[in-house]
Amino acid sequence: DVPRIISVGAVNCSDDIASFSSRGPVTWEDVPPWHDHPYPPGLIKPDVSAPGVSTRSHNLCSGYSNKSGTSMATPHVTGVAALMCEKADDLSIQLTPDEIVQIMKDTGQATFDPCETDPNPIRVDALAAVTAVAASNRKRFLAHARPRMCKSTRDGATSGLLPIASLPLARCRSARQSNAAYNAASNPAW
């Protein structure tokens, strides 16, 4: 992992972190010439996650097939970043890479990791991220994006507290409905 690069993890359609997805933290303390990000705490990676399990993709010369990997998840995040930059440009706003990542994290959806790593990378939410950029006062949004705690449930059992951004439209989907119900309601293609 390279600092200042958006690293992407993969989730399935239930927002479970994929078994093949990398998990942080990472350190560069023994890597010359940098010797930085000592562990603990190291760098928390991946930064965000996106659908990357059984993702429909082009199959060279023979139609389409389902593929899995962080290489399937990364284009989702790239597309969200491009939409955010396009909206910012429409509003004559300049977004920094750090602001792009922070908005993705603040507006994304909680994920579940069967390996119990902490913290779990947030799954990007394109509509919420672009809507956040469209807020009339971006600096006010970034300054007031305070974490709040929301109970997360998995199959009816409380699995802990997750920080959720305090945006007016932010939802803690996992506490209100199951992953399957959320995915069916918000993305019929899943």
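Let's start with the largest nonpolar core of this predicted model. A nonpolar core is a set of buried Ala, Val, Leu, Ile, Met, Phe, Trp, Tyr and Cys residues joined through side-chain atoms within 4.5 Å. Buried means under 20% relative accessible area, exposed means over 50%, and partly exposed lies in between (1.4 Å probe, protein chains only). The core here has 21 residues, and V77, M84, L95, I103, M104 and V124 touch the most other members. (Helices, H or I with at least four residues, and strands, E with at least two, are DSSP runs numbered from the N terminus.)

Now zoom in on V124. If you skip its neighbours within four places in sequence, V124 is in contact (heavy atoms within 4.5 Å) with V48, S49, A50, V77, V80 and M104.

Next up is α3. Its residues A129, V130, A132 and V133 are buried. They sit on the same side of α3, because they cover an arc of only 155° around the axis; that arc is taken from the directions from the helix axis to the C-beta atoms. At the start of α3, a side-chain oxygen of D125 comes to within 3.3 Å of the backbone nitrogen of L127.

What about the loop between α2 and β5 (122–123)? A110 has its place there. A110 is buried, with a relative accessible area of 13%. The C-alpha atoms of A110 and D16 are separated by 9.4 Å, though the two residues are 94 apart along the chain.

Strands β3 (residues 55–58) and β4 (residues 64–67) pair in the antiparallel sense over 4 bridges, where pairing takes at least two bridges found by DSSP. S57 has S65 in β4 as its bridge partner. Between the strands are 5 residues, and C61 in this hairpin takes a positive phi near 65°.

A word on the values: residues are numbered from 1 along each chain as its sequence is written, and side-chain values use heavy atoms, leaving out hydrogens and water. Since this is a predicted model, local features need pLDDT of at least 70 and side-chain atom pairs count only at pLDDT 80 or more, while totals for chains, interfaces and linings use all residues.

Technical notes. A polar contact is a pair of N or O atoms within 3.5 Å; within protein, one must be able to donate a hydrogen and the other to accept it, and residues adjacent in sequence count only if both atoms are side-chain atoms.
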